[in-house]
Amino acid sequence: MVYVLILTVALLVIHEEQAAAWVLWTLGIGNVLGIITKKTLKRERPGAHLEHDDGYSFPSGHVLGGTTLYLMVVELWPIWPVIVIGGVAWLLVASSRIILRAHHVSDVAGTVLFAGAWFIISTLLYQLIF
């Protein structure tokens, strides 16, 4: 969430108000959709997961937010350092959820698809509105 606020403020500083609004609604609505999906499906976490990882397993909030943020940043600044550094950061977040046994591999893969689909929908809505 902190990264999204930093991104939003940076966009406002460079007078990109519409892009800032897009960033906020994309992540905000995406998180709400993730919470609704998680509470509806109620998929159990893998066995031997960390105690502080309570709640349900799909979709992964970390992977949903990280994937959405990565896609937004690459959309806004499609240059190789952003793509590479952001990709490494995204990969660390996604893989940590599996390594720490917070999520099944299928939860992470499904969440990436979920985030990608929401990103496409949000981008199309942005283009229609603005």
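**Pockets and their linings**

Reader: What classes of residue line the largest pocket?

Author: Its lining has 13 nonpolar, 5 polar and no charged residues. Ala, Val, Leu, Ile, Met, Phe, Trp, Tyr, Cys and Pro count as nonpolar, Asp, Glu, Lys and Arg as charged, and the others, Gly among them, as polar. This is a predicted model, where local features need pLDDT of at least 70 and side-chain atom pairs pLDDT 80 or more, while totals for chains, interfaces and linings use all residues. Residues are numbered from 1 along each chain, and side-chain values use heavy atoms, without hydrogens and water.

Reader: What counts as a pocket?

Author: On a 1 Å grid over the protein atoms alone, a pocket is an open set of points where a 1.4 Å probe fits, with protein on both sides within 12 Å along at least five of seven lines; lining residues have an atom within 4 Å of a point.

Reader: Which residues lie nearest the centre of the largest pocket?

Author: Tyr3, Gly66, Leu69, Tyr70 and Ala89, out of 18 lining residues.

Reader: And which helix gives the largest share of that lining?

Author: H4, with 7 residues. Helices H1 (2-13), H2 (17-41), H3 (61-76) and H4 (80-99) each supply at least two; a helix is a DSSP run of H or I, at least four residues, numbered from the N terminus.

Reader: Switching to the second largest pocket, what lines that one?

Author: Asn31, Gly34, Ile35, Lys38, Lys39, Tyr56, Pro59, Gly61 and Leu64. By class, that is 4 nonpolar, 3 polar and 2 charged residues. H2 supplies the largest share, 5 residues.
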